[in-house]
Amino acid sequence: MSNTIQTLSARGQSIWCDNISRQMLDAGELRRLIDLGVCGVTSNPTIFMKAITGSTAYDERFSALLAQGLDMMALYEGLVLPDIADAADQLRPVYDRTEGLDGYVSLEVNPKLAHDTAGTLAEARRLSKELNRPNILIKVPATDEGMPAVETLIAEGINVNVTLIFGIDAYEQVMHAYLNGLRRLRTNGGDLSKAASVASFFISRVDTLVDKLLDEKAAEGKNVKELYGLAAVANAKLAYARFEQVFDAAGEFGDLAADGARIQRPLWASTSTKNPNYPDTKYVDDLVGPHTVNTVPPATIEAALDHGATVDVIRDNVDGESRVIDRLAELGIAIKTVTDQLRTEGVAAFVRSFDELLEDLGRKRDELGAAR
């Protein structure tokens with residue numbers, strides 16, 4: 001009998017795990033998840049901060065790196081890149097079995113490069129070369145400076161996970177950066193069938209901010225009760241509708257598809273439920289649909305296995321979702337303003353996590369150095 005994850009896979013939605021750590025790799029937890037049907041892994045600076053600073057699992061490797069006299073960035077990569085490589089190796093059979101559809105591990109470029117196109121390109125190229133595995137996705141944020149980097153990396157045959165997408169306008173740019181990159185790759189004689197990309201569309205944070213804004217409207221005496229918890233899914237469903245238009249083989253994607261190109265799947269990110277009043281599988285159940293990925297933290301994976309839904313709903317009530325966005329606008333809550341703010345805050349949050357991680361590594365370096 002199929003479990004929830006396997007049923008979703010059969011219906012065209014891949015479940016990836018939004019977590020990675022040395023403990024997870026060494027204890028066989030990733031292999032257990034793969035056996036359950038999980039078929040990819042995503043990471044970010046916050047995940048690595050928690051993994052490295054929250055245990056002693058990295059201490060031995062850290063001491064060995066410290067003895068080499070490496071600088072802080074080299075120490076960081078010496079801890080992180082082996083985890084990415086090992087996870088990619090464990091997922092390689094999935095990559096081979098699905099012919100490159102799944103089996104990927106995502107690694108983010110330094111978040112401080114979010115507004116530096118040249119810096120992003122240089123780091124993405126270096127990381128891709130160093131890891132040297134076909135099932136690595138380099139994460140590039142969907143900033144204005146990130147878009148030309150995405151296009152160029154795809155044109156060079158480097159697989160990309162475009163991250164921190166909140167708004168449909170930004171998503172539109174992401175999709176066309178991918179298409180333009182494919183066209184350049186084809187002009188350069190590259191194999192379009194080997195190019196892979198996902199577009200990470202963030203979910204729960206939209207509800208978190210919109211619900212806060214609704215609280216303010218309620219305090220003004222406005223009747224907003226029926227709008228709580230609706231904005232994020234509405235935004236995502238409208239993005240999916242646009243995805244289907246752009247990647248329709250009868251439209252602008254047609255000539256690329258004929259030459260073997262893959263679609264750039266939407267990836268639902270930030271899908272743990274932040275509001276305890278909402279179901280713990282809300283952002284899994286409400287976003288089931290074909291040609292998508294949902295990257296889910298471990299606790300939500302377990303919840304989905306226990307009581308998650310598997311009904312294809314991504315195309316349901318799209319007109320109603322538009323009315324949700326319109327109703328918010330009537331209240332003075334413009335979804336573009338919300339998503340622009342969230343993108344800015346998202347970049348800043350990853351930079352903070354990265355800085356905190358480097359600070360913690362500095363303290364650990366001093367502690368281990370003093371003990372030697």
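Buried residues are those with under 20% relative accessible area, exposed residues have over 50%, and partly exposed residues lie in between (1.4 Å probe, protein chains only). The structure shown is a predicted model, in which local features need pLDDT of at least 70 and side-chain atom pairs count only at pLDDT 80 or more, while totals for chains, interfaces and linings use all residues. Residues are numbered from 1 along each chain as its sequence is written, and side-chain values use heavy atoms, with hydrogens and water left out.

Figure 1. Helices (H or I, at least four residues) and strands (E, at least two) are DSSP runs, numbered from the N terminus. Two strands pair if DSSP finds at least two bridges between them. Strand 1 (residues 13-17) runs parallel to strand 8 and is joined to it by 5 bridges; within this pairing, Gln13 has Thr292 as its bridge partner. Strand 7 (residues 265-269) also runs parallel to strand 8, with 2 bridges between them, and Leu267 stands opposite Val293.

**Figure 2. Trp16 in strand 1.** Trp16 has its place in strand 1. Is Trp16 buried or exposed? Because its relative accessible area is 0%, Trp16 counts as buried. Trp16 and Ala27 are 11 residues apart along the chain, and their C-alpha atoms are separated by 18 Å.

Figure 3. Strand 4 (residues 136-141) is mostly covered, with 6 of its 6 residues buried. Ile136, Ile138 and Val140 form one side and Leu137, Lys139 and Pro141 the other, and these residues are all buried. Strand 3 (residues 104-108) is parallel to strand 4 and is joined to it by 4 bridges, with Val105 opposite Ile136. Strand 5 (residues 160-165) likewise pairs with strand 4 in the parallel sense, over 4 bridges, and here Val140 stands opposite Val162. From strand 4 the chain crosses through helix 8 (residues 146-155) to strand 5, in a right-handed β-α-β crossover. A crossover is called right-handed if, with the strands pointing away from the viewer, the path from the first strand over the helix to the second runs clockwise. A right-handed β-α-β unit is also made by strand 3, helix 7 (residues 117-131) and strand 4.

**Figure 4. Gly181 in helix 9.** Gly181 belongs to helix 9, which spans residues 168-187. With a relative accessible area of 0%, Gly181 is buried. Contact means heavy atoms within 4.5 Å. Which residues does Gly181 contact, leaving aside its neighbours within four places in sequence? They are Glu151, Ile154 and Ala155. Glu156 is 25 residues from Gly181 in sequence, and 8.1 Å away in space from C-alpha to C-alpha.

**Figure 5. Thr339 in helix 16.** Helix 16 (residues 335-371) contains Thr339. The relative accessible area of Thr339 is 2%, so this residue is buried. Apart from neighbours within four places in sequence, Thr339 is in contact with Phe166, Gly167 and Asn235.

**Figure 6. The largest nonpolar core.** A nonpolar core is a set of buried Ala, Val, Leu, Ile, Met, Phe, Trp, Tyr and Cys residues joined through side-chain atoms within 4.5 Å. The largest such core has 124 residues, and Phe48, Ile84, Tyr171, Leu182 and Leu361 touch the most other members. Helix 6 (residues 72-97) gives the most to this core, with 13 residues. Not counting residues up to four places away in sequence, Leu361 touches Ile52, Phe62, Met72, Tyr76 and Leu79.

Figure 7. Rolling a probe the size of a water molecule over the atoms shows where empty space is left. On a 1 Å grid over the protein atoms alone, a cavity is a set of points where a 1.4 Å probe fits but cannot get out; lining residues have an atom within 4 Å of a point. Grid points are joined across faces, edges and corners, and a volume is the space filled by probe spheres set on the points. By this rule there are 2 cavities of 30 Å³ or more, and the largest cavity has a volume of about 100 Å³. Of the 17 residues that line the largest cavity, Tyr76, Leu107, Glu108, Val109 and Asn110 are the closest to its centre. Helix 4 (45-53), helix 6, strand 3 and helix 7 each supply at least two residues of this lining, and the largest share, 5 residues, comes from helix 6.

Technical notes. 1 Å grid on protein atoms, 1.4 Å probe; cavity = no way out; pocket = protein on both sides within 12 Å on 5 of 7 lines; lining within 4 Å.
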